Amino acid sequence: MLTIENLDVDIESIPILRKIDLVLESGKMIGLIGRNGAGKTTLMRSIMGLLKAKAGTITFDQAELTNIAGHRRAHLGIGYMPEDRRLVPELSAEQNILIPVWSTGISDFQNRLNWIYRIIPECKAFQSRPATSLSGGQQKLVALGRALMVGERLLLLDELTEGIAPVLAHRMGEILTTLKSEGVSVFIAESNDVHVAGLLDKSYVIERGAISAQTQSHQVNTSEAST
Ligand code: ATP
């Protein structure tokens, strides 16, 4: 579904990503694990078209993304949750979740909103509250909901569990489990995989802008186990 080959990205002429190769198959969940400054956000921003590739390819369902302008990529069903959330403070939680609707013109947004509220009922509970009145963890839930509004095919999550209370990190794990059962493909960047390791089909370790290791999960597929 998503294939990255030989990707190099520079920021202000400084090489940041080098020769990145990565594959995410449809319906799978993969992790990108690396310390602060390793290049996780740079890779996510490159997939979203917010940074330009210097060399290499990013292919999403046969489409070469490096040829598609960033603002068009949301139309492909790719949702991105940035590390710093970037909610609009004066808007309510629900209005923040609906922001991608205004820019992409999604017609079945009410169904998607209902789906998001089913998966993250917490967002429904504080739908009318202004973003500023929400805790950091609640804001992360809203940012996840906003990414889900457009990310019906692929979800890019940058540091989903970073800096939140353990109980909420556990809750994020439950939400990811639900998303997996709904068949959403997820690419998640974390500085450590303590809260997500059990969910990942595959992990890539990134160090100083290059992939240094790759691990395939040996989880037993529950549907196989029951047959
Ligand atoms: P973090 O979680 O701390 O953001 P990260 O793994 O996501 O870590 P990136 O944000 O992708 O790392 O940063 C990768 C490297 O690129 C770092 O060395 C960083 O200093 C550098 N970098 C990122 N943005 C810029 C920028 N705008 N100008 C110069 N260098 C940058």
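What is the handedness of the crossing of α3 and α6? The crossing of these two helices is right-handed. The notes below refer to a predicted model.

1. Helices α3 and α6. Helix α3 covers residues 93-104, and its axis lies 8 Å from that of α6. The two pack at an angle of about 25°. Angles under 35 degrees count as roughly parallel, and α3 and α6 are therefore roughly parallel to each other.

2. Helices α4 and α6. Helix α4 spans residues 109-119 and helix α6 residues 136-150. Their axes are 10 Å apart, and the packing angle is about 140°. That value makes α4 oblique to α6. The crossing in which α4 passes α6 is right-handed.

3. Helices α3 and α4. Here the axes are 11 Å apart and the helices pack at about 135°. With that angle, α3 is oblique to α4. As α3 passes α4, the crossing is right-handed.

4. Residues around the ligand. The shell includes a run of residues written as Arg-35, Asn-36, Gly-37, Ala-38, Gly-39, Lys-40, Thr-41 and Thr-42. Also around the ligand are Ile-11, Ile-16, Glu-83 and Glu-159. Sorted by class, three of the shell residues are nonpolar, five are polar and four are charged.

5. Contribution of helix α1. Which helix gives the largest share of the shell around the ligand? That share, three residues, comes from helix α1, which covers residues 40-47.

6. Polar atoms facing the ligand. Thr-42 has a polar side-chain atom 2.5 Å from an oxygen atom of the ligand. In the side chain of Glu-159, an N or O atom is 3.1 Å from a ligand oxygen atom. For Arg-35 the backbone is involved: one of its N or O atoms lies 3.5 Å from an oxygen atom of the ligand.

7. Cover of the ligand. How much of the ligand's accessible area does the protein cover? On its own the ligand has 630 Å² of accessible area, and the protein covers 61% of it.

Notes. Residues are numbered from 1 along each chain as its sequence is written. This is a predicted model: local features need pLDDT of at least 70, side-chain atom pairs count only at pLDDT 80 or more; totals for chains, interfaces and linings use all residues. Side-chain values use heavy atoms; hydrogens and water are left out. A residue is near a molecule or strand if one of its heavy atoms lies within 4 Å of it. A polar contact is a pair of N or O atoms within 3.5 Å; within protein, one must be able to donate a hydrogen and the other to accept it, and residues adjacent in sequence count only if both atoms are side-chain atoms. Accessible areas come from the Shrake-Rupley method with a 1.4 Å probe; for residues, only the protein chains shown count as cover. Helices (H or I, at least four residues) and strands (E, at least two) are DSSP runs, numbered from the N terminus. Ala, Val, Leu, Ile, Met, Phe, Trp, Tyr, Cys and Pro count as nonpolar, Asp, Glu, Lys and Arg as charged, and the others, Gly among them, as polar. Axes are lines fitted to C-alpha atoms, for helices over the stretch in contact, and angles run from 0 to 180 degrees between N-to-C directions. Angles under 35 degrees count as roughly parallel, over 145 as roughly antiparallel, 65 to 115 as roughly perpendicular and the rest as oblique. A crossing is left-handed if the near helix is turned anticlockwise from the far one by less than a right angle, and right-handed if clockwise.
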